[in-house]
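Colleague: Could you take me through this entry? I have not seen it before.

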Amino acid sequence: MPIIYFLYGLSFSGLGLAALLQYRRGSILPLHKQLPWLAAFGLAYAGVGWADMFLTSGLQTEVQGILRLLRMILQPLSGLLLLRFGWGMLTQMTPLPSWTRIIPGILTVPLAFIITYAATTFVTPSPIHIPIDIWSRYLLYLPGSIMAGIGFIRQSNEHKKRGFQDASYLMMGAGIAFLTEAFIVGLIVPAAPYGPVSYYNYDRVHFDSIPADTSANNDPFTIIDWLDYAHVLQATGQPIQFWRMLSAVALIFFVVRSLDVFDAIERRRIQRLQEERDLAHSNARHLAESWAEALMKINREIAELKELDAILFEIVCSARKLLNSDYVALGLLEEKQRLMLRCFATSETIIASPTVGSSVQVESELILKVLKAAKPYRTSGEEGTNRLADLCLCTDAIVSEAAFVPLMFNNVAVGVLWSVRTESDPYNADDLPGLERLANQAVIAIQHGLMAAQIQSLAVVGERARIAREMHDGLAQILGYMNLQAQTLEALLKQNKRENLFAEIKQMREAIQTAHADVRENILSLRTTLSTEAGVASAMLEYLDGFSLQTGIDIKLQNHLDGYLGLSPLAEVQLVCILQEALANVRKHAQATEVSITLVRQVGCAHLEISDNGIGFVEQADSQRFGLQTMRERAQQVGGKLSISSKVGQGTTVVCVLPEIDQVNPAHMVPMYMASASMPDPGY
Amino acid sequence: MVNLREWALPIYTIMMQMSAGSMLALWVINIVVLRRYGHEIAIKLIKNPTMIIFVTVATAMIGSHYHLSRPAFSLFAILNFQSSWLSREVAFTVLFALLVGILLLLIFYRPHAAKAQLVTGWGAVTMGVITVYAMSRVYLLPTQIAWNSITTPIAFFCAMVLLGGIGVTVILLINLYIFTLNKDSDLPLIRDVIQRVLTISTGVVVAVTIIELGNYGFQIMELINRGSTAHASLDLLLGLYRVLFIIRVALLICGVVALVIVTLWQRRRSKPLVRLLAPVYLTFLIFLISEVLGRFLFYAVHVRTGI
């Protein structure tokens, strides 16, 4: 028997220590708050078990008295601790159903009678430790174990709902173990001469208890006494203390294993946090990539000098997607300092009104405030409905949150880019820099648009100068010569020198034919240069056909392009001009019958090679031939280079290499004087 | 289980006295509310308490059967109605239970039959009081010196009023809690009624406690002066059961002090009434334990005289 009690005490001390250690490790689970009570109960009840061990091992009477006193204190104390633990498990872990509020009311009268009945048993002749033992079990262990058991079973269901299947089984095991403990420890008590103790007891005769009352076996309300010490011993071959010890071991196993749930849940929590962190990183990376991709796309469109409106629309569309907004719009100041809606993009849920496309003035107080302050702003859910009312122009959308950034051009706000959400989801601080980057792109697009317009007008001016020069060098010289020839013809006619007259007329005809060829070539060049909409390759083909017809020179073109030359519009113009200049030289000077032209795209460059079978010429280092110099300057202007090789009697080869748009140095694209250009008209 | 059977008597007597007292208190409250606020408020107030009283009476009647050797023949006891107070007690108990049951049916199925409810209620109150009187008369036996005294009916009626008063207060506070949760439209009126009930019941409880304590003093004086059998009873009360007797009196005093403190605290600090539910409930539990202990002592100290 002492061994059984030793193991019994050992089991509960293990439970107490396990609960204590688990409590010190800390947890966010509600069960954690109940662990001190469980630990205290385990340690106190272990003291009861070990006191029983010493009491049954035949100690001296004085020591027995002290141990019995200690036991009388520890037993109700451990019962109270178990009751507190059970109450906590039942009521403080998961809210109880509302109907359970009536239970205290129902229990009032029975509880009053039971307490009174318990009080009266203390005046019976049995030793005082017997009723203490009995009522500690009936009033403390029994309800405490039942509450703890039900609490664990409820927790089992909770964990099952959360998907912790293994923890759920352990909790269920702990719950059933507590309910079994309630039956074995709470109901089976020492023998005493009052019911129901006299029928449900384990008859601890070695504690001077009074033998169970057996006089009421004929009583109509008697329950068969099959749980007393003798019956259990006879039926199982082991005393009831042994089964109680086994029950305790099962209880400790399930409870301690249930405490492992803490670790499991903590591990899962950490794993979940790591997954959330990885997901957040992934999302952030994806978002950053999306931003970079959008900005690159916009940059490319700007560099390709696409239509400004198309670029601005791309910007608002990108902003809407990247900021997960329902509406994004861009407004620009016009000459009269009125802010006009330039473009907007909406989500599928928002329907734009039929006023789209017409001139819409922005009158929102918030937008004008941002324009005036020239600082970004975002709402934080506290803006009044009226202030947000007119942000979604051309739609009926109701605004909940909005973010605004000004378009800064030379430190002056020239417009506003604003983003709107219809759901109550405020923009965060990280959203504004993104929107600002897009606003900057819009400003750059506007600058580029302005520069392109100025470059185009510059090109027109240059072309006029070239035509003037051509007319001065060609047609004007011919006309001057014709005037002199006319006077010569008049003199010869007066002198009646017919032979000389015919010779002069022949020279005049040749001069007129030359002038006519020049004029036709210039007309062809002008037409070709200006008609680039169909693509530079097709324009060149068209020009070459005309040139061949006019001059009778056989043109062989080897076009290795796949339709796209990859040059900027300016470079395309220069390439065509270089080709025209080279062919004009062939016609004028080379006396060639055949010209071979190769057009190919290689390693980020466009290659143009023009070779003829003419007379060639001697290359000189300080050669400043006007036509050749012009061709070199045209190539250099767009970041390319031009080389000429020729030998007398072996023809001439001109090679022009122009870089594609991605390879070009912006310094070659944007003349410095363009940087101080003023704001374009919004109607540009 | 033999000694447990003896507990059927305290269970029955205490629960019947509590039921009769609750019925009396409830009906007095009902009459006052009927006159001041009308039938709608009154029926709202008495619905749940009547149900609880009926359950208590039924439990008491079932519990009383555990005292009998042959429970199936319990109703035959009323055959001696003319000569036996025990038969009369059984008969009046049955009538009381029937009338409370009928009242409950009227409240649930004929809620507007105010007059029928009024008559039935008064009938139930009368039967309850008569039952308690008959109950006390059962113990007025010449062979039982400790019981055969005016102190027995006084003790029974004191228990009736004490447990009835505080019991109804607890039930009404539970009612108030439910009405508050449901945000009842008549909450201010109900709160007003329960506030008055709490004050009056506290006064009644104080008075009854004083009477009970005086009754104990009077009983001890009687036992001293009524011969050797009475002395034996007194020896039991102040000897073997001294601790229980002290606990009984101490609980009574503690209960009344706690109730007075709670009531004064609520009135002076203007605390919400629903916050009194737990303290008043605990006070009721103290009174109940005290009364059950008193009833145990009542049965425990009697010594039979003669053959």
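Colleague: Where does N324(A) lie in chain A?
Modeller: N324(A) sits in the loop that links α9 (308–322) and β1 (327–333) of chain A. Helices (H or I, at least four residues) and strands (E, at least two) are DSSP runs, numbered from the N terminus. This is a predicted model, in which local features need pLDDT of at least 70 and side-chain atom pairs count only at pLDDT 80 or more, while totals for chains, interfaces and linings use all residues. Residues are numbered from 1 along each chain as its sequence is written, and chains are lettered from A and ligands numbered from 1 in the order in which they are written.

Colleague: What is the phi of N324(A)?
Modeller: N324(A) is not a glycine, yet its phi is positive, at about 55°. Most residues other than glycine have a negative phi.

Colleague: How exposed is N324(A)?
Modeller: N324(A) counts as partly exposed, because 13 other C-beta atoms lie within 10 Å. A residue is buried with 20 or more other C-beta atoms within 10 Å of its own, exposed with 12 or fewer, and partly exposed in between, with C-beta atoms placed from the backbone.

Colleague: And K183(B), where is that found?
Modeller: K183(B) belongs to the loop between α6 (151–182) and α7 (187–225) of chain B. K183(B) also has a positive phi, of about 50°, without being a glycine. K183(B) is exposed, because it has 7 C-beta neighbours inside 10 Å.

Colleague: Back to chain A: how many residues of β1(A) are buried?
Modeller: Seven of the seven residues of β1(A) are buried, so the strand is mostly covered. Y327(A), A329(A), G331(A) and L333(A) point one way, while V328(A), L330(A) and L332(A) point the other way.

Colleague: Which strand pairs with β1(A) over seven bridges?
Modeller: That is β2 (residues 339–346) of chain A, in the antiparallel sense; two strands pair if DSSP finds at least two bridges between them. β1(A) and β2(A) make a hairpin with five residues between them, and Q337(A) in the turn has a positive phi of about 60°. β1(A) also pairs with β5 (residues 412–421) of chain A, antiparallel and over six bridges.

Colleague: New topic: what is the strand order in the open sheet of five strands?
Modeller: The order is β6-β7-β8-β10-β9 in chain A, and the pairing is mixed. β6 (554–559) and β9 (641–646) stand at the edges with a single partner strand each, so one side of each has no neighbour in the sheet. From one strand to the next, the twist averages 10°; angles run from 0 to 180 degrees between N-to-C directions, and axes are lines fitted to C-alpha atoms, for helices over the stretch in contact.

Colleague: How are β9(A) and β10(A) joined?
Modeller: Six bridges join β9(A) to β10 (residues 652–659) of chain A, and the two run antiparallel. Among them, S643(A) has V655(A) as its bridge partner in β10(A).

Colleague: Now the helices: at what angle do α2(A) and α3(A) pack?
Modeller: α2 (residues 31–55) and α3 (residues 61–91) of chain A pack at about 155°, with axes 8 Å apart. That makes α2(A) roughly antiparallel to α3(A) (over 145 degrees; under 35 is roughly parallel, 65 to 115 roughly perpendicular and the rest oblique).
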